[in-house]
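Take a look at the chain shown here. Follow it from one end to the other before reading on.

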Amino acid sequence: MFDIAPTELLLVAFVALVVIGPKDLPKAMRVVGYWVGRARGVARQFRSGFDTMVREAELEEMEKRWAAENERIMREHPAPTAEATDASHTRPPHDPITYGPEDTTQTAVMVERPHVDPAPPVAAGPADPEPGEPEPVGSAPAHGDATPPLDRPGRTEGAAS
């Protein structure tokens with residue numbers, strides 16, 4: 001935008017040093033820097049506002065195009081009516097179906113749905129033994145005892161083989 005050569009910048013710096021003086025030059029540079037920063041901020045804000053307006057206009061245009069395309073598709077492919085839906089689902093089960101390029105005609109095979117009987121109810125086990133009673137042989141430990149049943153009678157855990 002502005003074309004300032006380095007020699008022109010040195011000339012402006014020399015004139016500023018002579019006119020303002022070395023004592024007030026740092027303060028003047030701070031003020032110039034402040035105003036340049038403010039000008040850049042205003043330009044950035046203007047540019048972002050302009051970009052937002054352009055983006056919103058593009059989105060509105062795209063929404064209009066999508067709505068028009070949606071209307072065109074809906075006109076070309078209307079929603080099926082109740083009569084058409086019922087007719088498509090009442091096709092006889094043994095219509096011939098063609099398979100492959102050799103165009104052989106076969107009839108569809110109907111498979112019956114299997115019948116599954118519910119499992120018989122499980123009989124309730126014996127009640128928990130009283131605290132002083134011994135547990136029946138071969139039963140699971142009661143009350144969370146951590147002693148597993150032994151594989152062979154007469155064997156104890158940790159016995160040498």
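Start with the parts. The protein chain has 3 helices and 2 strands. Read along the sequence, they come in the order α-α-α-β-β.

The average pLDDT of the protein chain is 76. Of the residues, 59% score at least 70. Where pLDDT is low, the predicted coordinates should not be read in detail.

How much of the chain is buried? Of the 161 residues in the protein chain, buried ones make up 2%. Buried here means under 20% relative accessible area.

Now turn to α1, which covers residues 6–20. This helix has 15 residues. From its first C-alpha to its last, α1 reaches 21 Å, close to the 21 Å expected at 1.5 Å a residue. Why does α1 lie largely in the open? The number of its 15 residues that are buried is 0, so the helix lies largely in the open. Just after α1 comes G21, with a positive phi of about 100°.

Finally, look for empty space. Rolling a probe the size of a water molecule over the atoms shows where such space is left. The largest pocket has a volume of about 180 Å³. Two elements, α1 and α2 (25–76), each give two or more residues to its lining. Which of them gives the most? That is α1, with 6 residues. The lining includes L9, V12, A13, A16, L17 and I20. It also includes L25, A28, M29 and V32. By type, the lining residues are 10 nonpolar, no polar and no charged.

Methods
Residues are numbered from 1 along each chain as its sequence is written. This is a predicted model: local features need pLDDT of at least 70, side-chain atom pairs count only at pLDDT 80 or more; totals for chains, interfaces and linings use all residues. Side-chain values use heavy atoms; hydrogens and water are left out. On a 1 Å grid over the protein atoms alone, a cavity is a set of points where a 1.4 Å probe fits but cannot get out, and a pocket is an open set with protein on both sides within 12 Å along at least five of seven lines; lining residues have an atom within 4 Å of a point. Grid points are joined across faces, edges and corners, and a volume is the space filled by probe spheres set on the points. Helices (H or I, at least four residues) and strands (E, at least two) are DSSP runs, numbered from the N terminus. Ala, Val, Leu, Ile, Met, Phe, Trp, Tyr, Cys and Pro count as nonpolar, Asp, Glu, Lys and Arg as charged, and the others, Gly among them, as polar. pLDDT is the predictor's confidence in each residue, from 0 to 100. The expected span of a helix is 1.5 Å times one less than its number of residues. Buried means under 20% relative accessible area, exposed over 50%, partly exposed in between (1.4 Å probe, protein chains only).
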